[in-house]
Amino acid sequence: MENLREVVLDQVKLGGTCAVGIATTETLAGGPESADITKILPGAKSAISFAYALDTDAIDLFLSKKDRMPHERNNIDINNLASGAALNLAGFIEMKGYQSVPVIANNYYRSDTPGGLLDMMPDISQRYIAVRSGVGTFGLSGNVITPKQGAAIILGAVVTTAEFKPTEPLPPEKSYCDECRLCMASCASGTMDNEQKTTVTLGGLDFEYSKRKSYLRCEYVCGGFTGLHPSEKWSTWSPGRFPIPENDEEFMPALMNGLENYAKWPDMGGGYYHSLSPYKMFLTCGNCQLICHPEKEERKRRYKMLKENGVVVQNEDGSLEAVSPEHAKQRMQDLPPERRALYETV
Ligand code: SF4
Ligand code: SF4
């Protein structure tokens, strides 16, 4: 078993990952429901967690609002890579005689929660497995951050009945999170609570990160239905300018309104199909993740790029461009009322 463990860890590293670790039913014990790996594989004993880094040049183009497409493409490709690597590894371990299940990297949800698929709860939390196994630590954002690539990673995992020895979580001094709060500053939706924290206990160890307000906040903005920051000085890649409500309860109607208008926008190019959306989706945010680099100066540089490169508007042919906040306002005012109403409350 020890030999197989070493081979599995090496196999994952050879696949170009930037971090790998192993959690077990013991090290995940006492955690939330989505830390229970036996839910997706009865008799599971351990889970291998790994991370692939996202392309930093594409992140620069995305945050500076020069070009959305390279990061969207890279993000989709790396998610596919992580899911494919999980499938491959699960097959490998199965061939060695242990039942194994690959975890789909993203956009796969449980149907047995009160709201069903619409709750968008993953069947298993890759974040819990990753922090408990030492792939990364929790940043204040709640994203998994790694010592070299920061939060700009995609996680993958395999759950198996093989009883592998766990790897250690990273010691606190390996976490670079200094609570700079740039993740919060770069979130137009206010999803992360600025004050309160959530504690998760996994295998007797406590992990902390900022409490999430309603997840609908992120769905509204990260879903691309709106993107204008409440300051009106910058936006995500969404050309939507609908207001961000103050209260959590106001997000469902806002989301419904956003969705109705989003469906009428011209195609902005690229995109992907999401199982829960009747329309093609486009990557327009992820800022909290993309901002968070191990070097504080780099974090600040990325935030500055996001904040100082204006507001995205959509041309009639669907293409997007970033213009100054004043120019964006004027362009909206110059649109015929029915077109303007597709992007902002008139
Ligand atoms: S952006 Fe700053 S506060 Fe947020 S997770 Fe990263 S280091 Fe922590
Ligand atoms: S993905 Fe965007 S909207 Fe969602 S929490 Fe991060 S910054 Fe906020």
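## Helices, strands and overall form

Helices here are DSSP runs of H or I with at least four residues, strands are runs of E with at least two, and both are numbered from the N terminus. The model is predicted. By this count the protein has 11 helices and 12 strands.

The protein has 346 residues and a radius of gyration of 21 Å, which agrees with the value near 20 Å that a compact globule of this length would have. Its C-alpha trace spans about 70 × 40 × 35 Å along the principal axes. Buried residues account for 43% of the 346 residues. Of the contacts between residues at least 6 apart in sequence, 69% join residues at least 24 apart.

The protein is divided into domain 1, covering 2–164 + 173–178, and domain 2, covering 215–340. Taken over C-alpha atoms, the centres of domain 1 and domain 2 are 27 Å apart. The contact between them involves 27 residues from domain 1 and 25 residues from domain 2.

On the side of domain 1 that touches domain 2, α2 (56–63) and α3 are the elements that give two or more residues. The largest share of that side, 6 residues, comes from α3. By class, that side of domain 1 holds 13 nonpolar, 8 polar and 6 charged residues.

## Helix α3

Helix α3 runs over residues 69–95, and Met 69 is found in it. Met 69 has 18 other C-beta atoms within 10 Å, so this residue is partly exposed; a residue needs 20 or more to count as buried. Met 69 and Leu 81 are 12 residues apart in sequence, and their C-alpha atoms are 18 Å apart in space.

Asn 79 also lies in helix α3. Asn 79 is buried because 20 other C-beta atoms lie within 10 Å. Leaving aside neighbours within four places in sequence, Asn 79 is in contact with Ala 105, Asn 106 and Ile 154. Asn 79 and Asn 107 are 28 residues apart in sequence, with 9.9 Å between their C-alpha atoms.

## The largest nonpolar core

In soluble globular proteins, nonpolar side chains tend to be buried together. The largest nonpolar core of this model has 82 residues, and Ile 48 and Val 158 touch the most other members. Helix α3 gives the most to this core, with 7 residues. The core draws at least three residues from each of domain 1 and domain 2.

Setting aside neighbours within four places in sequence, the contacts of Val 158 are Ala 47, Ile 48, Ala 86, Leu 89, Ala 90, Ile 93, Ser 100, Val 101, Pro 102 and Val 103.

## The shell around ligand 1

Ligand 1 is surrounded by 14 residues, of which the closest are Gly 139, Cys 177, Cys 180, Cys 183 and Cys 292. The shell around ligand 1 divides into 8 nonpolar, 2 polar and 4 charged residues. Each of domain 1 and domain 2 supplies at least three residues of the shell around ligand 1.

## The shell around ligand 2

The residues that surround ligand 2 are Ser 186, Cys 187, Ser 189, Thr 191, Cys 218, Val 221, Cys 222, Cys 285, Gly 286, Asn 287 and Cys 288. By class, the shell around ligand 2 has 6 nonpolar, 5 polar and no charged residues. Helices α6 (215–222) and α8 (287–291) each supply at least two residues of this shell. The largest share, 3 residues, comes from α6.

## Helix α6

Helix α6 is largely enclosed by the rest of the structure, because 7 of its 8 residues are buried. These buried residues of α6 are Leu 216, Arg 217, Cys 218, Glu 219, Tyr 220, Val 221 and Cys 222. Cys 218, Val 221 and Cys 222 are also among the residues that surround ligand 2.

The buried residues of α6 pack against α7, which covers residues 251–262. Just after α6, Gly 224 takes a positive phi of about 95 degrees.

Technical notes: Residues numbered from 1 in each chain as written. Chains lettered and ligands numbered in written order. Predicted model: local features only at pLDDT ≥ 70, side-chain atom pairs only at ≥ 80, totals over all residues. Near = placed C-beta within 6 Å. Nonpolar A, V, L, I, M, F, W, Y, C, P; charged D, E, K, R; others polar. Buried ≥ 20, exposed ≤ 12 C-beta atoms within 10 Å, placed from the backbone. Contact = placed C-beta atoms within 7 Å. Domains from an automatic or database assignment. Core = buried A, V, L, I, M, F, W, Y, C linked by C-beta atoms within 7 Å. Rg over C-alpha atoms; globule rule 2.2 N^0.38 Å.
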